[in-house]
Amino acid sequence: MLIHVLNGLVYGGLLYLVAVGLVLIFGLRQVVNFAHGSLFMLGAYVAYATIAIAGFWIGLLAAAIVLALLGLLLDRTVFRQLQDQDPIVTVLVTFGLLLVLEDFVRTVWGRDNLTVAVPQLLQGTVDIAGASFPIYRLFVIAAAAVIGAGLTIWLKTSRVGLYVRAFAADPVTTGMQGVDTERVSASVVAVGAGLAGLSGAIASPLLALSPAMGGSILIESFIVVVVGGFGSFSGAFVAALVIGQLQNFGIVFVPSIASMVPFLLMMAILIYRPEGLAGKAS
Amino acid sequence: MNLRLAALALGSLALSAQASQAQFSDNVLRIGVLNDQAGIYADMAGPGSVVAAQIAVDEFGGKIGNVPIEIIRGDHQNKPDIGLNIARKWLDADGVDMIADIPNSSISLAISALVKDKNKVAVITTSNSNRLTADSCTPNHVHWTLDNYSLARSTGSAVVKSGGKNWFFLTADYAFGHDMEREAGDFVKQAGGSVVGAVRHPLSSSDFSSYLLQAQSSKANVIALANSGSDFTNSIKQAAEFGITQSGQSLAGLAVYLTDVKSLGLESGKGIYLSEPFYWDLNDQTRSFAKKFGERHGGAMPTSFQAGVYSGVLHYLKAVAAVGNDTDGRAIVAKMKELPTEDLAFGKGSVRIDGRKLHPMYLFRVKSPAQSKAPWDLYEKVGETAAAEAFKPLDSACNLVGK
């Protein structure tokens with residue numbers, strides 16, 4: 001049983017890292033970024049390419065940095081232009097971006113399912129409550145916890161974090177107070193994209209790499225964001241953990257409808273608490 | 001259309017008046033290798049299939065009498081409309097006499113109907129659909145290599161014989177997965193084994209840990225994976241992570257081939273059971289074919305499907321030479337069924353009345369990194385199903401049967 005809880009934490013942790021990037025970009029740019037799943041996918045591929053020449057840890061770092069830079073570029077060229085547009089335009093453009101990135105990866109790395117080996121240091125299993133559990137999965141849980149905690153501290157204590165929270169609450173007033181919103185937004189989008197890349201890199205030893213791998217995590221991340229309340233960091237955290245557990249226990253107890261469970265939760269939230277778990281009713 | 005036919009008839013009349021010994025349309029025998037040149041099937045067939053076809057042509061001497069043999073290639077990109085357009089153009093305008101390879105069942109089924117209309121030939125080597133020798137059989141195509149029945153049959157019964165009695169299925173939740181689970185499960189029971197459980201996962205899942213833990217706690221000897229592509233790779237990788245094979249359970253892949261194992265790597269793939277009709281390292285003949293293939297294809301070893309292209313093309317050439325023309329596809333296919341087959345890849349074999357090529361199926365186990373001595377040293381042979389039992393009995397749904 002404990003093993004299932006841990007597996008839920010692994011998946012919940014990855015979902016949180018992806019979902020929090022969505023929340024950041026939505027909070028600052030009011031853009032629902034459908035291309036976010038492909039940033040996760042691209043992060044895994046960048047890690048794959050770097051790990052082959054420079055080792056696992058450099059690979060993680062490279063994925064985060066490359067994707068953060070790509071985030072800056074996208075903010076400048078795409079998201080900034082989209083922020084005052086009709087939501088349907090942002091959906092179309094970011095979805096188009098997803099297709100472009102998938103085809104880019106297909107062209108560079110091909111369609112085969114590539115694999116990344118678990119780093120030497122984290123190979124093997126440990127015995128937990130009588131069952132063996134992979135060490136690498138414990139690392140994923142720890143990494144998600146550390147990154148999540150770091151992000152929370154940054155948002156709660158740093159000046160930029162203050163701006164971000166203020167901006168997410170009321171962009172116009174924040175701008176009138178003299179905050180350079182463009183710079184704050186650009187750096188936050190970079191952080192969001194970098195986190196997606198990092199989580200892709202962290203997930204790469206667990207998953208087969210394919211250009212379509214971003215799709216399923218994107219959908220579940222959106223469920224996390226909706227359930228947590230659009231624009232809420234703590235809501236996304238709670239929702240990611242809940243969905244990670246639901247997903248796993250769904251497979252254990254009701255396998256035939258397991259993939260429906262997160263959607264059922266989302267529907268229930270939209271009907272009974274449309275502002276999300278942590279959102280404020282408007 | 002009628003005009004063109006008339007012109008063709010006139011042209012062939014003129015030709016036959018000129019050349020007395022044989023009647024070959026435009027004096028070249030053209031073979032079109034139609035497959036997916038860059039997509040998901042490119043490694044298992046793709047450009048390697050063209051190499052394999054060329055090896056068959058060279059082995060045959062490059063010409064029939066004094067008619068040269070030419071190979072052209074087409075990329076159907078896994079899109080039925082594109083595949084069918086290429087095939088039509090080849091048969092109508094480019095003088096292609098036979099189409100080989102054709103991965104992707106929806107395309108191979110469409111092209112088998114097309115060659116029947118035009119009285120040409122299709123040698124289908126990379127498509128797994130059982131229907132090609134059942135309700136969709138035609139007098140103008142033959143089905144080489146393997147099909148879903150033979151995969152399920154070989155893995156299902158041979159693994160039970162080698163001691164894997166209790167099976168648990170991890171199945172992709174769509175028609176293909178269900179079919180494989182049902183067929184393999186039947187063979188397991190026939191061979192005296194039992195199916196202790198199954199769990200279905202959605203197509204393109206990412207986290208298999210909960211499914212694998214259920215498979216593990218089922219205490220089955222064999223966990224059979226009725227899935228493919230990224231689902232297969234994910235489940236194998238994560239099974240390795242949880243150390244499932246170390247604790248004594250075996251994994252069996254129901255639709256896994258050499259290139260899948262190659263890209264998965266032996267560290268994750270070691271110990272998996274799988275079935276194929278060909279492996280490059282089976283005997284001296286297969287090794288000599290593999291050597292020729294590797295020299296022309298960057299050192300890669302041929303897959304079963306590429307070996308099938310070689311074998312099928314070679315047998316087609318023998319039949320054309322025996323018939324003496326390339327214009328009557330039906331007569332050539334009938335001759336292919338009459339002549340026994342023999343080649344380096346599959347040894348001696350035959351083509352059944354319904355177009356099914358018969359040869360043994362082998363059960364392999366993937367080697368561990370320590371056992372493997374070369375980059376393509378991937379399999380160890382652990383079982384064999386004889387040609388007579390490896391394939392589906394004649395199906396009355398095929399109108400060539402029982403006439």
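1. For the residue classes used below, Ala, Val, Leu, Ile, Met, Phe, Trp, Tyr, Cys and Pro count as nonpolar, Asp, Glu, Lys and Arg as charged, and the others, Gly among them, as polar. On that scheme, the lining of the largest pocket comprises 19 polar, 15 nonpolar and nine charged residues. The model is a predicted one.

2. The volume of the largest pocket is about 1300 Å³. Two elements give two or more residues to its lining, namely helix 8 (229–241) and helix 9 (258–264) of chain B. Helix 8 of chain B supplies the largest share, five residues.

3. In total, 43 residues line the largest pocket, and those nearest its centre are I40(B), Y41(B), M44(B), S228(B) and G229(B). Domain 1 (2–146 + 283–358) and domain 2 (149–276 + 361–390) of chain B each contribute at least three residues to this lining.

4. An unreviewed UniProt entry annotates residues 29–367 of chain B as "domain: Leucine-binding protein". In the model, this span is 44% helix and 22% strand, and its end C-alpha atoms are 42 Å apart.

5. In chain A, strand 1 (residues 125–128) and strand 2 (residues 131–134) form an antiparallel pair with four bridges. Within this pairing, A131(A) of strand 2 is the residue opposite I128(A). Two residues lie between the strands of the hairpin, where A129(A) adopts a positive phi near 50 degrees.

Methods:
Residues are numbered from 1 along each chain as its sequence is written. Chains are lettered from A and ligands numbered from 1 in the order in which they are written. This is a predicted model: local features need pLDDT of at least 70, side-chain atom pairs count only at pLDDT 80 or more; totals for chains, interfaces and linings use all residues. Side-chain values use heavy atoms; hydrogens and water are left out. Two strands pair if DSSP finds at least two bridges between them. UniProt positions are given in the numbering used here, feature names are shortened, and annotations may be inferred rather than shown by experiment. On a 1 Å grid over the protein atoms alone, a cavity is a set of points where a 1.4 Å probe fits but cannot get out, and a pocket is an open set with protein on both sides within 12 Å along at least five of seven lines; lining residues have an atom within 4 Å of a point. Grid points are joined across faces, edges and corners, and a volume is the space filled by probe spheres set on the points. Domain bounds come from an automatic or database domain assignment.
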